[in-house]
Amino acid sequence: MSYVDEVYELVVAKNPAQPEFHQAVKEVLESLRVVIEADEEAYRKEALLERLTVPERIVQFRVPWVDDKGQVQVNNGFRVQFNSAIGPYKGGLRFHPSVNLGIIKFLGFEQIFKNSLTGLPIGGGKGGCDFDPKGKSDREVMAFCQSFMTELYRHIGADTDVPAGDIGVGGREIGFMFGQYKRIRNQYEGVLTGKGLTYGGSLARTEATGYGLLYLTEEMLKCNGKDIAGKTIAVSGAGNVAIYAIQKAQQLGAKPVTCSDSTGWIYDAEGIDVALLKEVKEVKRARLTEYAAARPSAEYHEKKAGEHGVWTVKCDIALPCATQNELDLEDAKALVANGCFAVAEGANMPTTLEATEYLQKNGVLFCPGKASNAGGVATSALEMSQNSERLSWTFEEVDSKLQQIMVNIFHNLDEASKKYGMEGDYVAGANIAGFLKVATAMKAQGVC
């Protein structure tokens with residue numbers, strides 16, 4: 001049995017009931033097979049793949065807090081510090097009922113390669129809690145965040161581990177957690193990113209993941225003889241990534257026609273109205289039914305179990321920006337049948353392995369989230385730099401750096417795919433390019 005297969009079997013055996021983590025490891029290891037098998041015994045002797053797939057540290061803790069009725073609630077908090085070979089741990093915090101250790105490990109493992117691809121000195125980590133901020137008052141969210149940080153503060157720091165936001169964690173939550181960290185530590189440092197502009201946040205951080213997705217998509221199309229201008233785009237999600245992906249797509253001359261949330265999805269033949277979408281989701285925190293009620297050209301479709309309606313719409317480009325495994329094999333078949341020629345992931349592993357393989361086999365340009373979704377963490381690292389220097393860069397400075405980082409990411413993964421005889425396989429290219437930098441650093445630092 002090959003070393004790659006041995007390690008994958010070991011991961012499955014030692015991490016039962018964690019299918020998302022298994023999926024992420026399998027995708028990466030399959031891509032790395034050509035690299036590993038060229039020098040298999042050296043990698044095996046150093047147990048490099050075992051060290052890569054086992055987190056350096058896992059912290060799990062309870063989060064007790066009091067709701068508005070005076071009832072004590074208890075949630076489960078996690079922080080997985082996966083790999084610090086190239087820099088302090090960096091990765092978001094996710095507050096959602098679906099959060100468990102397996103999902104946090106999958107996200108943290110992906111973060112290793114995503115962060116490596118940015119070219120910036122940040123390692124891989126992830127955290128979160130099964131707390132749901134939806135429907136909670138600001139006081140309840142503050143009580144929860146303060147309790148969460150009362151444990152987490154022991155394990156993080158500006159040069160140790162710098163969390164950011166993710167699903168369920170926006171500016172409000174980051175503010176409450178930063179305030180509690182500062183209160184406990186009596187120290188003002190860039191320990192969290194995604195902060196407000198009045199206390200160390202970076203301009204363009206809000207837009208970064210969505211904008212970065214489009215910068216990379218535009219470069220991928222350009223390098224394959226295509227132009228994004230005039231193209232119809234299907235987008236899933238209606239959160240931060242989706243909103244700003246839609247906005248940047250429109251600025252580049254494309255027409256996004258869909259978005260979705262947990263209850264349903266919108267098709268707007270005239271193109272999504274970004275100002276209205278922001279009003280509904282960012283100001284009112286309401287459902288997309290309100291978008292449809294205010295927009296005559298919009299059709300609202302209620303979500304049905306097992307269906308992902310946004311992918312049935314005729315489009316040139318698909319941008320899954322919601323959550324993991326939201327684009328499955330049937331969705332991929334629908335996209336291909338409708339003439340879609342490019343898919344770039346705006347979320348973490350939103351496409352199943354079967355769907356990815358189908359898209360690639362049918363000639364669809366496909367970029368994985370660890371590359372196309374990297375704009376957020378790249379700008380978080382730029383926020384860390386500004387905090388360290390006690391400086392604040394202009395929106396244009398940050399946006400320009402972000403665009404260059406995303407263009408560089410695409411060319412790095414493109415070159416890696418060509419070097420190892422897999423031209424056009426951007427999944428393999430991203431995994432290989434991200435791995436080689438981390439592996440070199442791990443070898444240089446000895447057995448640790």
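**Note on strands and side-chain contacts**

1. Strand β3, helix α5 (residues 101-117) and strand β4 together form a right-handed β-α-β unit, where right-handed means that, with the strands pointing away from the viewer, the path from the first strand over the helix to the second runs clockwise. Helices (H or I, at least four residues) and strands (E, at least two) are DSSP runs numbered from the N terminus.

2. On provenance, this is a predicted model, in which local features need pLDDT of at least 70 and side-chain atom pairs count only at pLDDT 80 or more, while totals for chains, interfaces and linings use all residues. Residues are numbered from 1 along each chain as its sequence is written, and side-chain values use heavy atoms, with hydrogens and water left out.

3. Strand β3 spans residues 89-95 and is mostly covered, seven of its seven residues being buried (under 20% relative accessible area, with exposed over 50% and partly exposed in between, for a 1.4 Å probe and protein chains only). Strand β3 runs parallel to strand β4 (residues 123-129), to which five bridges join it, and parallel to strand β5 (residues 161-164), with four bridges; two strands pair if DSSP finds at least two bridges between them. Tyr89 has Gly123 as its bridge partner in β4, whereas Gly91 has Pro163 in β5.

4. The count of salt bridges comes to 23, the criterion being a side-chain nitrogen of Lys or Arg within 4 Å of a carboxyl oxygen of Asp or Glu. One of them joins Arg33 to Glu30 at 2.8 Å, N to O, and both residues lie in helix α2 (residues 19-36), three residues apart, or about one turn of the helix. Arg33 counts as buried because its relative accessibility is 19%, whereas Glu30, at 41%, counts as partly exposed. Both residues also belong to a network of salt bridges that links them with Asp5 and Glu37.

5. In helix α3 (residues 40-45), Arg44 and Glu40 are four residues apart, again about one turn of the helix, and form a salt bridge whose closest N and O atoms are 3.2 Å apart. Here Glu40 is buried, with a relative accessible area of 19%, and Arg44 is partly exposed at 25%. A further salt bridge connects Glu173 with Arg172, with the closest N and O atoms 2.9 Å apart; Glu173 is buried, at 4% relative accessibility.

6. The structure holds 18 aromatic pairs, defined for rings of Phe, Tyr and Trp (its six-membered ring) with centres within 6.5 Å, and classed as stacked with planes under 30 degrees apart, edge-to-face over 60, and tilted for the rest. Among them, Phe95 and Phe148 have ring centres 5.2 Å apart and planes at 75 degrees, so the pair is edge-to-face. Phe95 lies in strand β3 and Phe148 in helix α6 (residues 138-152), so this pair ties together parts that are 53 residues apart in sequence.

7. The charged end of Lys226 sits over the ring of Phe341, 4.6 Å from its centre, and Lys401 lies over the face of Trp393, at 4.9 Å from the ring centre.

Conventions. A charge sits over a ring if NZ of Lys or CZ of Arg is within 6 Å of the ring centre and within 35 degrees of the ring normal.
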